[in-house]
Amino acid sequence: MKRKLISVTVTIATLTAVLLSAGATSAYLTHRTAPVANIITLGNVKISLTEEGWTEGEPKTLAPDSTLSKKPVVTNTGTETAWVRLRIVLDSNTLGLLKNGILSFTGVDKTNFTWSKSPDTFTQLTDQQVASGMELIATYKNQLQPNQSAPPPFTGLHLTDGHLETEQNGRLSITVTAEAVQTMGTKTADQCFGTL
C-alpha cells in the first residue's frame, strides 16, 4: 500500500507540474518596425533689393530737363513664395519738388503694384504734409516665386527745366526699402501685410 501511495503521490505531483507548466507557458507572435524619423525643414523668406547703376551713399546728379534712371528691383532669394512691397520714403525737399511739379516719377507701374498714395496726387498735398515728408508703399500684386524678380514700381525721376530752388545744398532724399512675407495661408498681399 505504501508503494501505491508513493506512486499515486508521484503521479499527482507529476501531473500537477505538467498542468502548471502548460498553463504558465504561452507564446505571442510579435513584430517591431524600425523607427521612422520625421524630419521637418523650415523654409525661409529672403529678398534682395537692387538698383542698377546705384551705389549706396554715392549721390547722382540730376540736371534740369533730364531723367535719372532709378529702378528698384526686389528679388526673392529665399525658398518660399512671398508677397513683397517697397517703402519709398521722400524727404520734405523731394516732396516739395514733386508737389510743385518740378520733379516727377517716370514709368510708374500701376498694373503690377498697388500704391498707398498715388504718385500722381503730389500736387494736391498741403504745405504741412510736404514739411513732414511722406512714405509711399508700392505692393506687388502677384506672389513672388523663389529666384524671381518683381518689375520696378517706377523707372526714374524727371526734373523739369523750370526754376529750381532747393534747400540742403540741392540734395534730395529718396530711401527705398523692401519687405517680404510668406504667402502660405494668405490670399492677397494686402491681407498679409495688413496683419503686420
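Me: Which strand gives the most to the lining of the largest pocket?
Reply: Strand 9 does, with 4 residues. Bear in mind that this is a predicted model.

Me: Which strands each supply at least two residues of that lining?
Reply: Strand 1 (47-51), strand 8 and strand 9 (174-182) each do.

Me: What volume does the largest pocket have?
Reply: About 900 Å³. The lining counts 27 residues, and those closest to the centre of the pocket are Trp 54, Glu 58, Pro 59, Leu 172 and Ile 174.

Me: Switching to Lys 70. Where is its place?
Reply: Lys 70 is in the loop that runs between strand 2 and strand 3 (72-76).

Me: Is Lys 70 buried or exposed?
Reply: Buried: the relative accessible area of Lys 70 is 4%. The cut-off for buried is under 20%, so Lys 70 falls within that class.

Me: What does its side chain make a polar contact with?
Reply: The side chain of Glu 51, at 2.9 Å.

Me: And which residues is Lys 70 in contact with, leaving aside neighbours within four places in sequence?
Reply: Glu 51 again, along with Trp 54, Phe 154, Thr 155, Gly 156, Leu 157, Ile 174 and Val 176.

Me: How many bridges pair strand 5 and strand 8?
Reply: There are 4 bridges, in the antiparallel sense, and strand 8 covers residues 156-159.

Me: What stands opposite Gly 156 there?
Reply: Thr 106 stands opposite Gly 156 of strand 8. Gly 156 is also one of the residues in contact with Lys 70.

Me: Which ones are they?
Reply: Asn 93, Thr 94, Leu 95, Gly 96, Leu 97, Leu 98 and Lys 99.

Me: What comes just after helix 2?
Reply: Gly 101, which takes a positive phi of about 75°.

Terms used. Residues numbered from 1 in each chain as written. Predicted model: local features only at pLDDT ≥ 70, side-chain atom pairs only at ≥ 80, totals over all residues. Heavy atoms only, no water. Pairing = 2+ DSSP bridges. Buried < 20%, exposed > 50% of the residue type's maximum accessible area, 1.4 Å probe, protein only. Polar contact = N/O pair within 3.5 Å; in protein donor to acceptor, adjacent residues only side chain to side chain. Contact = heavy atoms within 4.5 Å. 1 Å grid on protein atoms, 1.4 Å probe; cavity = no way out; pocket = protein on both sides within 12 Å on 5 of 7 lines; lining within 4 Å. Points joined across faces, edges and corners; volume = space filled by probe spheres on them.
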